[in-house]
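Look at the sequence and the model first, then read on.

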Amino acid sequence: MDELERIFDDLRALVEDPSFPAVRRWLAQNPGGKVVGSFQVFFPEEIAHAAGMLPLKIAGAGGTIQVRQADARIAAFVCSIVRSSLELALSGRLDFLSVMVIPNICDAARNACGVWVRSFPHMRVETLYHPHNAASAHAVDYLTGEYRRIGRILEEVGGRPITDEALRASIALFNENRRLLREVYRIKRETPWLLSAVESYLLVRSAGLMPREEHNALLRRVLELLPQRPVKKQDRIRVVFEGGFCEQPALDMLAVIQNACYIVDDDLMIGLRWITEDVPLEGDPWRNLADSYLNRSSYSPVQRDPRKPKAEMLLRRIRESGAEAAIVAAAKMCEPGLEEQVHYARALEAAGIPHLVMEFEESMTVFEQVGMEVETFAESLLFQFA
Amino acid sequence: MGTSAEEILGATRREGKRLMDLWWQEMTEAAQTGRPTAYVFAMGSMAELLRTFDFVLNFPEITSLQIAVRGQSQAYIQTAEDYGFSPDVCGYVKADVGLQLRQGEHPYGKVPRPSLVVTSNVCNTYIKWSEIWEHLYGCPVFVVDLPGWRGRDSADLDGETFHNDARYVLGQLQELIGLCEQVTGKRFDVDRFREHLAEANRMAELYHAVCETNRHVPAPFNAVVEGVTYQGIAHLYRGSPEGSRYFQQVLREMQERIRLGMAAVPDERFRLVLVGTTCYSHFRRFVELFASWGGVFVHSTYMVFAGGGFVPGFAYDLSRPLESFAERMVTAAYWGYTGSMFYQQDWLDDVVRRWHVDGICFHGVKSCRTVSTGLPDVREWMRVQRNVPGLFIQSDLVDPRLWSDAQVKNRVDAFFEALAAHKAARR
Ligand code: SF4
Ligand code: SF4
C-alpha cells in the first residue's frame, strides 16, 4: 500500500472511531489538558487553542453507534446529528469534555443545549450566538464581545489567561490550516481525479478531530504526494454537492456519488472552512476573528446575511468550480436545510442548471437507491453534454 | 354589570371576537389600498415600534393557526408541499406558503402583501420563513437579532454580556427605524413611540394579573381555551389602548367569576400545565380529552413565551424609550428561553407550587423544534427531581395528518388514571 492510501485509511479509521483516539492521545501527552467540544457549524477554535485547550468538533456519530439514551430525551422529529451527538456524551464517550459550546444555528441545536445542561451538571455547556443580522453595522462589535465572553469562560475553566499574543499565534496556526485546506479544494476543482470526494472529506473532517499542528503537517505531506499520484482523468460529470453544512452524509454515500461523478466543490463541514481568507494578525485579535466570521466567510442556510443571498452563492460556487450540475441534499428533519433546498432547487431551475434533489440521514447504511439515482442523473447528463 | 353566568362568561369572548374581526377588516382593506404592512412574529414582534409608523401588522402564525382551527390547513399545507416544501418543515410556514400562493385568500379575509418583514431569531425558523417572502416578493427583511439564553448560568449573566447584547439590539433598532422611515416615508416620532410603550406597560401588568387569577381553585379560565384568545389579542393590540382596555375587561370578568365560584371546567379535579402548544387542527378535541376527566389547564408555557416577552415585572422606562425597549427585548429573550423553552424546569417548579398543579402535559409538536425538541427530557427531569407527573404526547400544531386520535386518547386516559393514584397517595 502506498503512503497516501495508508494516510487515507488511517483517517477513515479516525473519523469512524467514536472513541476519539486522537483526543485520548493528546490527553495522554498533556496530562490535565482540557478539551473544548463544539457543535456544528462554526466555532472560533483559535480561542480554545490560545487557552491551551484542545478544540474538538462534535459532528454526530454517523452510523458508528446506536442511539438509545438520547431518544428518551429528545423528541422523535429531530434530525439525527443532534441525537447522535448527545448519545456520544450520554454513553460516556465524551467524558473528557470540560466545555461544550453549541452555536445557535437552528431551533433543534439550541434546544438540545438545554438537554445537555440538564444532563451533564459537571460540564460547562454554553450557547454561542453568532449574529443573524450579519449586515448590521453593530454585528462585529457584538460578536467581539461574545467571543470575549467565551474566552472568559475558557480562562476560568482552564485557569490561564488568554493573551493577545497567544491568540495571534493560534490564529496564525489556523490560518495555515485554512490555507492548506483551500489548496485541497483547489486540487478538487482543477484535477478532481487526483483526490476522491471521500478522501478530500477525510482531510477536512479530521481537522476537527486532532491537534491542528498535527493536521497541518498531515496536509502538507498529502499535498506533496498528490501530484505524483498515478491516476488518469476519467469522463465524468462535474458536480457540486450542497447540503452537508451540518449533519454529515455517510462516507459510503459520498463513495456512491463519486462513482458516478466528480464532486468538484461542496459545503461538507463548511464550518472548518468557513473563513475564506487569512484572519489578519495585526490589531485586536478578538475583533479580527469576529470580523472574519462576518466579512471573510462562506455561506450556509443557518446564517442570515443579506449580502450573501444563498442561492446566488451556490450558483457562484458552481460557476467557480466549473461544475455542470449540482446535487442539492438536505438532512432529514433539518428545518433550515429543507427550507433552503426549495430556494436552491428553484434558482438552479431558473438558471437551467441540472440538479438532483435528495434527503439523507447520517446513519443511513443502504445506498443502492442513491447510487441508482445519481447514476441515472449522471448518465443523462453525459449524454446531454456529449 | 350584570351577574348572570351567561353575561359574565360572554363579555370578553365577544370583545375578543370583535377585536379579531377588526384586525381582519384592517388587513383586508390594506390588501386593497396598499397601506404599508409589516409581517412580524409573535416573539419579538416590535409592535410598539412599528405602530409608531402606522404599519398594519400581519402575524402569520395567527393566520396559520386560524386556517387550522377552521379545518382547512391540510389543503394549504398541500399547496406548499407541491411547491417543494418537505413534510418535515414547520406547518405554520407551509400553511402560510399555501396562503401566499393563493394570493392571500384566507377563510377570514385577505392578507396583504408585505411592505416590510421584521423578524427575530427567538425562533430560527422565523428567519427561514422570512426568506421565503423575500424570494416571493423581494420585500425588505430585517432580522432583529436577539441573543438569548447562554446556558446554565444565564440567570446571573454578568453585566458585561447583558450590556453587549443590549448595545447590539439598540444599534439594530436604530437601523430598523431608518428602514421604516424609508419604507413609509414618515419620520420617527419618539413621543408616539413612548405612548405605545406606556400602553404596553399597562397591558403587561394586566396580563400578569389575569394569569394570576388562575391560581384560584377552581380556575376561572382554561389557559388553553381562553388563553389562546388572550394571546392573540395581546399580540394584535400590544401597545394600543384597545389592548389595555381588553385586558382590563378580562381581569374584571375573572375576578367576577372567582367571586361567583365559577369554574372554567365544571367539577375541576386536576390542575394541569401545558408545555408547548396545543393542536389547532384538533383544538376542540384536544381540550375535551382533558376536560372530560375534570382536567383544567391553569397555565401554559405558551402564555409565557408567546406572550411577546411580558417578563414578570415588565415595564419600559419611558424616560429612555429606545434604550429601555432594547433592554427589555434582551431580557425577554433571556427569560423566554429559560422560563419556558429550553431550560424551563425552574419556571415549571414555580408554577406547580403557586398554581397548585397536579400534573404537566408535554405536547411535542412536530412542526416546532423551538419548543418541542427537549420536552421528553424536561418531563423526566420534573418526574425524577420533583416528583411531578408528566404526560408526553405528540402531534402537530396545524398538520391534521399527524393527529392520531386513538393514540392520544389512550395516553391521556392512562395519564389521568395514574394521576388519580398519585394524588390519592399524596393525600
Ligand atoms: S442538521 Fe439541521 S436541524 Fe439538525 S442541528 Fe444541523 S442545522 Fe439543525
Ligand atoms: S418553529 Fe415553532 S416557533 Fe418557529 S415558526 Fe414554527 S411553530 Fe412558530
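Ala, Val, Leu, Ile, Met, Phe, Trp, Tyr, Cys and Pro are counted here as nonpolar, Asp, Glu, Lys and Arg as charged, and the others, Gly among them, as polar. The model is a predicted one.

**The two ligands**

By that grouping, the shell around ligand 1 has 11 nonpolar residues, no polar ones and 1 charged one. Among the residues that surround ligand 1 are A:F39, A:C79, A:C106, A:C246, A:E247, A:C334 and A:P336. The shell around ligand 2 divides into 8 nonpolar, 2 polar and 1 charged residues. The residues around ligand 2 include B:M43, B:E61, B:C90, B:C123, B:W129, B:S367 and B:C368. Helix α6 (residues 124-137) of chain B gives the largest share of the shell around ligand 2, with 3 residues.

**The interface between the chains**

The size of an interface is often given as the accessible area lost when the parts come together. Between them, chain A and chain B bury about 4800 Å², and 50% of this is on carbon and sulfur atoms. Of the area that chain A buries against chain B, 17% is supplied by A:F77, A:R118 and A:R304, more than by any other three residues. In the contact there are 57 residues from chain A and 62 residues from chain B.

Across the interface of chain A and chain B, 35 residue pairs are in polar contact. Which elements of chain A each supply at least two residues of the side that touches chain B? They are α5 (107-119), β4 (124-128), α6 (139-158) and α13 (335-351). The most comes from α5(A), which gives 11 residues to that side. By class, the side of chain A that touches chain B is made up of 27 nonpolar, 12 polar and 18 charged residues.

One residue of chain B that touches chain A is B:T373. B:T373 is placed in the loop between α15 (369-372) and α16 (375-386) of chain B. Is B:T373 buried or exposed? Its relative accessibility is 0%, so B:T373 counts as buried. Leaving aside neighbours within four places in sequence, the contacts of B:T373 include A:R73, A:I74, A:D107, A:N111 and B:C368. A polar atom of the side chain of B:T373 also lies 2.8 Å from the backbone oxygen of B:R369.

**Salt bridges**

Side chains of opposite charge can pair when their charged atoms come close. Over all chains the structure holds 69 salt bridges, and the count between chain A and chain B is 10.

| Residue pair | N to O distance |
|---|---|
| A:R304 and B:E134 | 2.9 Å |
| A:R220 and A:E176 | 3.5 Å |
| B:D165 and B:R150 | 2.8 Å |
| B:D358 and B:K423 | 3.3 Å |

The salt bridge of A:R220 and A:E176 is within chain A. A:R220 lies in helix α9 (residues 212-225) and A:E176 in helix α7 (residues 164-190), so the pair ties together parts that are 44 residues apart in sequence. A:R220 counts as partly exposed because its relative accessibility is 41%. A:E176 is also partly exposed, at 22%.

In chain B, the side chains of B:D165 and B:R150 meet in a salt bridge. B:D165 is in helix α7 (residues 159-184) and B:R150 in the loop between β6 (141-144) and α7, so this pair ties together parts 15 residues apart in sequence. Both B:D165 and B:R150 are buried. The two belong to a network of salt bridges that also includes A:R124, A:E126, A:E146, A:R149 and A:E156.

The pair of B:D358 and B:K423 forms another salt bridge. It links distant parts of the chain, 65 residues apart: B:D358 is in the loop between α14 (345-354) and β9 (359-365), and B:K423 is in helix α17 (residues 405-426). B:D358 is buried, with a relative accessible area of 11%, while B:K423 is partly exposed, at 25%.

**Backbone details**

Most residues other than glycine have a negative phi, and most peptide bonds are trans. The peptide bond that joins A:Q40 and A:V41 is cis, with omega about 0°. A:M269 is not a glycine, yet its phi is positive, about 50°. A:M269 counts as buried because its relative accessibility is 1%.

Key: Residues numbered from 1 in each chain as written. Chains lettered and ligands numbered in written order. Predicted model: local features only at pLDDT ≥ 70, side-chain atom pairs only at ≥ 80, totals over all residues. Heavy atoms only, no water. Contact = heavy atoms within 4.5 Å. Buried area = accessible area lost by both parts, 1.4 Å probe. Salt bridge = Lys/Arg side-chain N within 4 Å of Asp/Glu carboxyl O. Polar contact = N/O pair within 3.5 Å; in protein donor to acceptor, adjacent residues only side chain to side chain. Helix = DSSP H or I, 4+ residues; strand = E, 2+ residues; numbered from the N terminus. Buried < 20%, exposed > 50% of the residue type's maximum accessible area, 1.4 Å probe, protein only. Near = heavy atom within 4 Å.
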